[in-house]
Amino acid sequence: CKKKPSESGDANAVAFAEKTVSVEVGAEKVLTVTGNTDGLAFESKTPTIVTVTADGKIKGIAEGTAEVTVTNTAGGSDSCTVTVTRPAAPVTTVTMNVAEYETAVGETVPLRATVKVDGTTVTDKTVAWTSSDPTVATVDNGTVTALKAGSTTITATVDGVSDTCALTVKNNVQIAFTQTTYKVMTGTSVE
């Protein structure tokens, strides 16, 4: 919004509180006006981009930039630049690279989540990772650390859309050999 310099300090002056405003297509916002607010009249210079009501409420119609003006009955006026943007498309799917995984205590497992908006993979979204039982395994930015035997569900969530991986953690198996060398023939076993 641009204030005319000649109106600065004038008792008849009217001014928008914000000189530039952004709204999304379909969104509404009330413009705040200061100064002499007697008999205000609002106008959008490009109503195909943004409309404005008699009480100063704007609504984004189409992407672009438009000027909105306000005048009062004392002859004061001001203008505001309104930028209308397209709302961000919602996340449609989050898909983890595995649905089930089994690991051992002490191991780390790197999990990945693919985020899609209308079928297109996007990389500008932040994935929130959680473990349903952090005593069994924790998860930090997709890297799972197995802490003790048990089961937990690892969840990847973006903008309310999520996917899960059922994680089973088993105790490490230790094998002790009493002899250092074994000779095993095909079809036989060692006991």
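In what order do the 3 strands of the open sheet come? The order is β4-β8-β7, and the pairing is antiparallel. Strands here are DSSP runs of E with at least two residues, numbered from the N terminus, and two of them pair if DSSP finds at least two bridges between them. β4 (28–30) and β7 (50–52) sit at the edges with a single partner strand each, so one side of each has no neighbour in the sheet. From one strand to the next, the twist averages 20 degrees, with axes fitted to C-alpha atoms and angles between N-to-C directions running from 0 to 180 degrees.

β7 and β8 (residues 57–60) run antiparallel and are joined by 3 bridges. Across from threonine 51 you'll find lysine 59 in β8.

## What you're looking at

This is a predicted model, where local features need pLDDT of at least 70, side-chain atom pairs count only at pLDDT 80 or more, and totals for chains, interfaces and linings use all residues. Numbering starts from 1 along each chain as its sequence is written, and side-chain values use heavy atoms, leaving out hydrogens and water.

## Two cores

Now for the nonpolar cores, meaning sets of buried Ala, Val, Leu, Ile, Met, Phe, Trp, Tyr and Cys residues joined through side-chain atoms within 4.5 Å. Buried is under 20% relative accessible area, exposed is over 50%, and partly exposed is in between (1.4 Å probe, protein chains only). The largest core has 19 residues, and Met96, Leu111, Trp129, Val144 and Ile154 have the most contacts inside it. Strands supplying at least two residues each include β11 (93–96), β14 (113–117) and β19 (150–158). A second, separate core has 17 residues, among them Leu31, Ile49, Val50 and Val52.

Leucine 111 touches Met96, Trp129, Val144 and Ile154, among others, leaving aside residues up to four places away in sequence. Contact here means heavy atoms within 4.5 Å.

## Salt bridges

There are 7 salt bridges, each a side-chain nitrogen of Lys or Arg within 4 Å of a carboxyl oxygen of Asp or Glu. In one of them, lysine 19 pairs with aspartate 78, with the closest N and O atoms 3.4 Å apart. Those two are 59 residues apart. Lysine 19 is partly exposed at 33% relative accessibility, whereas aspartate 78 is buried at 2%.

Lysine 57 is in β8 and glutamate 28 in β4, so the pair ties together parts 29 residues apart in sequence.

Methods:
Helix = DSSP H or I, 4+ residues; strand = E, 2+ residues; numbered from the N terminus.
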